[in-house]
Amino acid sequence: MMGWGEEVVALSLRGYGYGNEEDDRPEKPRRYGVTEMRSPFYSFRPANQALQEILDSLSPFVDGLKFSGGCHSLMGKELVREITDLAHRHDIYVSTGDWAEHLLRQGPSSFKQYVEECKALGFDTIELNAGSLNLPEEALLRLVRLIKSSGLRAKPMFSVKFDSSDIPASGDRAFGAYIAPVKGKTSERVEDVDLLIRRAERCLEAGADMIMIDADDVCQRAESLRTDIIAKIVGRLGLDKTMFEASNSNTSEWFVRRYGPRVNLFVEHSDVMNLERLRGFNMRRSNSASRFASPFFLI
């Protein structure tokens, strides 16, 4: 129970837009307001040393660590295990990043072995790049179920552009129905946010924990954000089930301003502190001019 003085402080904060139940960002482990950080393993320093220095100061603000670009495949198993153990000591989950598509070239059995090895090495989440995997929808759903049955989290990643041969005819979309096209693959890429959402919804139904949205053509640059696509994805999938890549501080600022501190974002490790500052000020609820003036608030 709060004392009288604490209640006054809490009420005052609510008056300025802080502490509202619908906007509160919980302590770790969080289901929303998640900050996933790209691994700093391109440093010339030893990987675990570079990460230790970062987590010593940033770990309260970081929920997840992603091994980007399959960098874990170039490391010895002992080093990978050291890194995952280090992250876990700081209450941070560890994701593989989009590397699974390279394993599937060796056949389905190799993917199952990959999942088992990821679990043994301490990974918590396996990311599936749906665009790079280039699999039929049912095959993608089987991979999601396989990951979940192993006790790990599944996070499919979708792009807003698809091979034109994957786009269903308008008559095959009624009431959510989908009839797979029989055309062969082409090199033409077509934007279809409705297909992205439909496939993401099916992955969530199959047990996926979160959907990652590829930054390309959506939120790669702050000056060309596709606000219409972002709004439609959030409206259909929900903030707690969607993660966006914020490639720079201006993009992070726009997301927090528009969707509040509950938005899930994937950022560079150098942007973590700035993102936490933005979340803490709860800028979306402020009607006054931001002390961090930015033209991206006008988007």
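In strand β9, Met243 is the bridge partner of Met212. That pairing belongs to a set of three bridges joining strand β8 (residues 211-213) to β9, and the two strands run parallel. Strands count as paired here if DSSP finds at least two bridges between them. Helices (H or I, at least four residues) and strands (E, at least two) are DSSP runs, numbered from the N terminus.

A quick word on the model before going further. It is a predicted one, so local features need pLDDT of at least 70 and side-chain atom pairs count only at pLDDT 80 or more, while totals for chains, interfaces and linings use all residues. Residues are numbered from 1 along each chain as its sequence is written, and side-chain values use heavy atoms, with hydrogens and water left out.

**Around β9**

Met243 has a partner in strand β10 too: Asn264. Three bridges join β9 to β10 (residues 264-267), again as a parallel pair. To get from β9 to β10 the chain goes through helix α10 (residues 249-259), and this β-α-β crossover is right-handed. Right-handed means that, with the strands pointing away from the viewer, the path from the first strand over the helix to the second runs clockwise. β8, helix α9 (residues 227-237) and β9 also form a right-handed β-α-β unit.

Buried stands for under 20% relative accessible area, exposed for over 50%, and partly exposed for anything in between (1.4 Å probe, protein chains only).

**The α9/α10 pair**

Two packed helices are described by the angle between their axes and the distance between the axes. For α9 and α10, the axes come within 13 Å and cross at roughly 50°. Axes are lines fitted to C-alpha atoms, for helices over the stretch in contact, with angles running from 0 to 180 degrees between N-to-C directions. α9 and α10 are therefore oblique to each other; under 35 degrees would be roughly parallel, over 145 roughly antiparallel, 65 to 115 roughly perpendicular, and the rest is oblique. The crossing of α9 past α10 is right-handed. At the residue level, Thr227, Ile230, Ala231 and Val234 of α9 meet Trp254, Phe255 and Tyr259 of α10. Contact means heavy atoms within 4.5 Å.

Thr251 sits in α10, Leu152 in the loop between α7 (137-149) and β5 (153-158), and Arg202 in helix α8 (residues 193-205).

| Residue | Relative accessible area | Class |
|---|---|---|
| Thr251 | 0% | buried |
| Leu152 | 5% | buried |
| Arg202 | 23% | partly exposed |

Skipping neighbours within four places in sequence, Thr251 is in contact with residues including Cys219, Arg221 and Glu245. Leu152 and Ser95 are 57 residues apart in sequence, and their C-alpha atoms are 9.9 Å apart. Arg202 touches Glu137, Glu138 and Leu141, not counting residues up to four places away in sequence. Between the C-alpha atoms of Arg202 and Glu138 there are 9.4 Å, with 64 residues separating the two along the chain.

**Whole chain**

Zooming out, the chain has 11 helices and 10 strands, and 50% of its 299 residues count as buried. Of the contacts with a separation of 6 or more, 73% are between residues 24 or more positions apart.

Note on methods:
Left-handed = near helix turned anticlockwise from the far one by under 90°.
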